[in-house]
Amino acid sequence: MTPEPHKILLVDSYDSFTYNLASLCRRSIPGCAIYIIKNDQLPLPVLLPYLACFSAIIVGPGPGSPNVTEDIGLVRDLWKVSDQHLLPIFGVCLGLQSLAIESGARLRKLSVVKHGQVSRVKHTGTEIFKGVGDVDAVRYHSLHVELREHSNVEELACADDEGENGKVVMALKHKSRPFWAVQYHPESVLTGGGGIEVLINFWRLAQNWNKTQQRLIRMWDTEAHNLFGSPWPIIRPPPTSPCHNDRRLVSTTVLRLPNIPIPVICELFSVTDESSPFVLLDSAAQPGRYSIIGCLTAQSPQITHSIGDSFVHLKEGSSCSHIELQGHNIWSWLASFMNRRKASGGSPNSPFWGGLIGYLSYELGVQSLSVHPMPQADDPRHPDVNLVFVERSVVLDTTSGDVYIQSITEDDGEWIANTAAKLQTTAQEYSSSVTNDTPSSTKARPNTSTVTLPDRELYKSRINIAKEHLFSGDSYELCLTANTRITLNDPLAQKASRHHSPSWQRYKHLREVNPAPHAAYFRLHPTTLLASSPERFLSFSRPPNATYQLRPIKGTIRAGPGITRAFAENALRGSKKEVAENLMIVDLIRHDLHGVIGEDVEVKQFCGVEEYKTVWQLVSVIEGKPAEGAEDTDGRRANGALGWEVLRRSLPPGSMTGAPKKRSVEILQTLEDEERSLYSGVFGYWCVGGGGDWSVTIRSCFKYDGTYTCATHSASRQDVLPAVHKERTPEPEHWVIGAGGAITALSNADEEWEEMVVKLQSVLRVFGAAIPRGN
Ligand SMILES: C=C(O[C@@H]1C=C(C(=O)O)C=C[C@H]1O)C(=O)O
Ligand SMILES: NC(=O)CC[C@H](N)C(=O)O
């Protein structure tokens, strides 16, 4: 009989680094099984009898204070259990602070808080530091503890913050009970020397203690299983309804047409008809590579859903069905939808064969954190999910010039042949034309718009309030943002028709002035989105052996004359503040990914400096692979449902919230006036072959049409929509641009305002508007 694995209980205080700690634990304690509970999940009397099932407890970090019941939950009681229930505990950060104050130490605020910063730690070389050499440790704390003579804990390590905070306790042990703790973060990617080494020592000490106390480990029974569930990692794609797998085949023709610009290809389709839907995912700059055009038909299914609505709305041509979710959520509904539409046989070199393209709002992510999203003024609510199912597509590989013309519709050879012929002719005409111009964009005419900017003083005052939250230990970083509104009043300039799409003209202008690797143009009624994002959120490659990649950005400076690579590298990678900002998000993203796919998560690039048209950015790359067999969800080849699950559980993007994510989102809701909507959400695709690629919706603008006909909860299950007027009377257009930046304890309000303005300007210029000087 194989021995029972050692069971470790990990208590999570709603932190964004917990799964990193779980992963470190698994590496330090071979074969252990880790059960994670929230600090308020079980009342102590319920937990107590089960402590005997565990070999040790790890108490994780978290926002807030060890003195506040809502922040610390049952952790404070763990230190006081009777000898009968006693077991070894290892505390991290908030965990250390709780142990210390319950053992007679004093809680203090740091004069200079430490978030995402590395300190040299001096230690005794004993206990959890036995055999450990130099320790360079990452710190995320605003509070610290001061030992007193009669406290029951003794110091094992400290950091010397010199003039800033003096000596700060970095590790402790209890004088008589088997408790050890560190103030720094052993699980951070940048902690060196005091990570796995310290956990291995803790485990040795814990096992010794259990042995000398002759502790009997209680058998794991059904009751325990019901209470604690399965051990981490729980790799589980969203539930899908059973389906007949009528797997479709992808038909593809490949042409080599170098130099034919994406706008030229789009204009062969319906992009110039403002009244028809259109989707383009555009790699308009490096490191983007593929541009994807969804060649929609009148029947292409469009799926919309708003949070709080128990229906999904499916529009196909002129009919609209309202499908009740019936206990499912939108995520599993979409997973089922895709499960019925798997396809195979497409070109392995084309990342997209067909599938869903569209966007998911910030508030959809907020809701999955169990935080109530901010209310929306509009009724009915605008869609938080707006996707179209693409059956015909053209994909351009901008590196090789290969163009993939693809269809997953049966017997679609004629469309493929016609499209190929059309593209070839256009390419010939284009290459022989004298000017070789891309179709020209309309430069926005000045004085046609009213721009409402965020109020500078208000924004700066909010930066200062954000910093107060950081100083008090509630958050380590907050991504504060604000909306700018543009109203276009010039009816002549805006007149849309079958052959003139002002929003497309504007998009072409945007891709010229701010070419970006993750650009997009969506006309998905009632929403129009023009995006020029530098930031990939998550890509998952086609199974089998999918790789999940996230590319968070933190750290921004303006691009322009005189800003050389050397200057940018020094200003970004050479800056303690910028690297700290980036590190916090890297650790958060590692946690998000570990949470879904388990242990295999790696930082492939830390703080690379990348140049874009208007800004230089600090970019990190985190990659993961699911455990073997995890993708194969239904016995057949998987369809990317696990990638979809990573997306569900990682939204909103950590780079747009700050860390810890949940508490940061709650604080941001008190500092921002209105919902973010598309901004700070994601846009991208989920392919019928199982891959996906989603970008962060930043450096973008969006607007809603006045009439959103499909979301009304009609009593009938199917409505016929009124015919769309082809030539609409122009109404003022209301565009929104969100912009912001990460606030840390080191932030300066004027500089943060400037950074927000730089990001805003990258899009605002397509409206012919500029921010007045001194604003
Ligand atoms: C908030 C924005 O950007 C985010 C914040 C960044 C930063 O603080 O440096 C960089 C990229 C984005 O993750 C924005 O563009 O509006
Ligand atoms: N990382 C943490 O656990 C932080 C603990 C506490 N909230 C502080 O800021 O000091």
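Visitor: Which strand gives the most to the shell around ligand 1?
Guide: This is a predicted model, so take what follows as a picture of that prediction. Three strands, β23 (477–488), β28 (553–558) and β36 (733–743), each supply at least two residues of the shell around ligand 1. The top giver, with 5 residues, is β36.

Visitor: How many residues surround ligand 1?
Guide: The closest ones are Ile553, Thr556, Ser655, Ile698 and Ala742. Sorted by class, the shell around ligand 1 holds 6 nonpolar, 7 polar and 4 charged residues.

Visitor: Which element gives the most to the shell around ligand 2?
Guide: The residues around ligand 2 include Tyr140, His141, Ser142 and Leu143. The element that gives the most to this shell supplies 4 residues, and that element is β6.

Visitor: Where does the domain assignment put domain 2?
Guide: Domain 1 covers 7–228. Domain 2 is written in two pieces. Those pieces are 252–705 + 731–767.

Visitor: Which element provides the largest share of the side of domain 1 that touches domain 2?
Guide: On that meeting, 27 residues of domain 1 are in contact with 30 residues of domain 2. The elements giving two or more residues to the domain 1 side are α1 (18–28), β5 (106–123) and β6 (135–146). The largest share, 6 residues, comes from α1.

Visitor: How many charged residues does that side of domain 1 have?
Guide: Split by class, the side of domain 1 that touches domain 2 has 11 nonpolar and 13 polar residues. Its charged residues number 3.

Visitor: What is the radius of gyration of the chain?
Guide: The chain has 19 helices and 36 strands. For 775 residues the globule rule gives 28 Å, and the chain comes close to that, so it is as compact as a globular protein of that length. The chain's own radius of gyration is 28 Å.

Visitor: What share of the 775 residues is buried?
Guide: Along the principal axes, the C-alpha atoms fill a box of roughly 85 × 65 × 50 Å. A residue counts as buried if 20 or more other C-beta atoms lie within 10 Å of its own. In this chain, buried residues make up 53%.

Conventions
Residues numbered from 1 in each chain as written. Chains lettered and ligands numbered in written order. Predicted model: local features only at pLDDT ≥ 70, side-chain atom pairs only at ≥ 80, totals over all residues. Domains from an automatic or database assignment. Contact = placed C-beta atoms within 7 Å. Nonpolar A, V, L, I, M, F, W, Y, C, P; charged D, E, K, R; others polar. Near = placed C-beta within 6 Å. Rg over C-alpha atoms; globule rule 2.2 N^0.38 Å. Buried ≥ 20, exposed ≤ 12 C-beta atoms within 10 Å, placed from the backbone.
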